[in-house]
Amino acid sequence: MKTKKEAEEMSGVTVNHLAEDAPSSGRSKNGYVFQAMDLQDGEQEDCGKDSPIYDNQIQISVSDADDPGFGLLNTTRKYVKPMNFQEEVRAHRDLDSFLAQASILLDEKAATLDEVLRRMLSRVAEDGHESCDVDEVMNSLFTDAGGKECNVHLLSETIQGVTSTSTGIRYQQSWLCILSNVRSLQRRHVCIARLERTQNWGVNCCEARYVVLILAPPRTKSTKTAIELGRTFSTMFSDISFRQKLLEAKTQEEFKQELVFQRQQLSVANDKPVEEEVEDSDPRRGKPIQCIEFFKCGKGVYSDLRRRLPLYPSDFTDGIIGKDRCLLKYTTTAIFLYIAILLPAIAFGSLNDESTRGEIDVQKTIVGQSIGGVIYSLFAGSPLVIPLTTAPLAIFISVIRGICDDYDLDFKAFYACIGLWSSLFLILGGLFNVSLLMKLFKRSTEEVIALFISVAFVGDAVKGTIKIFRHYYHGPTLATTNSTLVLQQITEILEKANNQTENTIKHLNETVSVLGNVESHLNVFLPETLVVCTRERPVLCLLLMLGTLWFGYALYLIKRSPYLNSTVREVVSDCALPISVVIFSFIGSYLFLDIQLPVFSVHDGPIFNFPPFEKLSGMNTLSAVGLGFLLALLIFIDQNIVISLTHVPEHKLLKGTAFHWDLVLTGFINILMSCLGLPWMHAAFPHSSLHARQLAKVEQHVENGHLYTTIVSVKEQRLTSLVANILIGLSAFMLPLPLQWIPKPVLYGLFLYIAATSLDGNQMVDRMALLLKEQTSYPPTHYVRRVPQRKVHYFTGLQMIQLIILCAFGMYPLPYMKMVFPLLMILLVPIRTSLLPRMIDAKYLDIMDSQHM
């Protein structure tokens, strides 16, 4: 439900009149020329005047008067108020009249506008509404040049939606309303066509999917003119979510039902108090921070639960029952989440296994992910958010292991003690509304931290690959210096080779090939008991990592290509990561079976270990308070920033956030993890944002040569994450095989894929790209239009400095340096709020920090 303010700002409607006096020399691709004049900033819609139509006369002259096809073109552009369905009775009568004798074309295959219009006129005649001369109507629809040398069609009168946003004026290019006054008609006629594929019909109509044809007699009542009827249908089609629903209609009856439902939506008065309640419950909105809010214990949690619980049943039914079913979308998203969560769990579990010497291994990480993920999926206020054990947590665990070794402490008990203190701080933070501090985090600060996380994924992949090269990239090396043993084994191998023919030589498993120059000219294979490694192993690892990234990202981008059909493109793009992982795991583990690749290790032993707290003294327990606070600070920042990045306005999530309750729930989950000896977890980026995009329905439009994707709606439900985490729990029974068939380089390729796909929508990355582009190729974003170029680059440079400092501290090899990393992230807030306004004007900062793209 949109508020009144949003409805007014959403779109206006323009009507264009074209009158041609002489032949023109231009012709578009399909034989039609559309008015390509951009609206100026001063041409804003004035909704306060009584008259719904405002004129703006523009004279256009074709240059080069000596051209034989030269002519003069007079263009009139008028602003039309959207129809008010709450107050104007004519809107309902117009729709009722259309529904009574509807002419609808579904999945029209015609490609050119001329063919589409002729098919629509034929449908009007077939429906028996009124006989009309098709050629006469076509002549009225177009201003035909009529010359012998050139015959160019111009639509004489159209209505299109224009959206006024911070980026300027943008045409809604997926629909077009065409008007015409036909003298031979006795009454009005409306025909709607939904094209099978989007068509490019020129500038400002590059993604046409709907055509609304309105025919009316020239002399009629002022409220029954073609423009008034066009206002009714144009207002309905200006809603992007409505157009998306019409795409899903299978029959004409379903199409009509969507029209009726849209009328009901536009007719219901908006309830502003609901919006105010949402703003009060969202820490990022509403009033400035007041100290008294931190002393209202439980207010934030209570508000989150009171607002979110009524919507809880719909989290399980949306997309499952009713007309708008998304079973295929849910299936592909669950498969994507399964791979995207399982492989990082294996990677971080392997890292924990090495740092803790088997205390927390891959098996425990997978089981902990399943338990925590299922709990979060069932009870979280933001079900699209994905909890995960992350690289910072793995580093924190390694530091705790080092402290236990230095001071001879029991790791299990000390680990659990730190986790319990951290969970206590998280629960207290949720109860005392500490998440209100998110008001201080601007978009630029969140994007710096998000980009750091992406860089950290790349860093983990690069470090893992460098480790493999350091260990293996050198010539064959003897595994032992015992010359007697070496000579004995080589003699045995040579004797065996001489006794066999060339056709009976068998490749030994896990051997390294060395070309022997013996009398029989046979290939002699030395076992790995003698030779440590060869160079093909690291080279294959590098190819597998880069191949996983390349193939996965290529499939991810297929949704933007013209190949196959839209459904297949969407499925392939959603399953890009699973397909890439399976293919390159098969290549590494089967096609190159003779090359042993590094894999994670699996230990036998109990999964759950209750910590022996009796081994800790009172001082040990108190010393864990400081580490617990730093851990809680790290989880608090990551948790809230990930929720904020998932609920950005571009995603158009409607059910709201639950910052306070989700923080408390994370605390309870980590209590369970600490007591069972499992790794901690919190909301993970970019998995949560990718989850929202996987469930999104999008619409594309072209502006100044740039292709933009607009999210229409997102299915906010719990089923995909719930199913994915249940499957992860079942994967514990797949250890060691077949999960060990996934080589470590494929895991590193997954990290690169996640980092690459997380860059979409990050304004900081877009502004960094401007540094490498020429000015003529800059996209028409709001900061390019409204902020001086030097200020944009200056602000980007300051963000890059912050990112470099974060990377320097976060990736420094000294473990104890990483303990203070959460404090460094907190320092980004005063830098943005106090330091940057002294260097860049506040008005420019607010524009570049705008939440709206």
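Helices H11 (327-356), H13 (391-407), H15 (443-472) and H24 (744-757) each contribute at least two residues to the lining of the second largest pocket. Helices are DSSP runs of H or I with at least four residues, numbered from the N terminus, and strands are runs of E with at least two. A pocket is an open set of points on a 1 Å grid over the protein atoms alone, where a 1.4 Å probe fits, with protein on both sides within 12 Å along at least five of seven lines; lining residues have an atom within 4 Å of a point. The model is predicted, with local features requiring pLDDT of at least 70 and side-chain atom pairs pLDDT 80 or more, while totals for chains, interfaces and linings use all residues. Residues are numbered from 1 along each chain as its sequence is written, and side-chain values use heavy atoms, without hydrogens and water.

The lining comprises 26 residues, with Leu-351, Glu-354, Gly-464, Lys-467 and Tyr-748 nearest the centre of the pocket. H15 supplies the most, seven residues.

The protein chain contains 29 helices and 17 strands. Of its 853 residues, 52% are buried (under 20% relative accessible area, 1.4 Å probe, protein chains only).

How values were computed
Buried means under 20% relative accessible area, exposed over 50%, partly exposed in between (1.4 Å probe, protein chains only).
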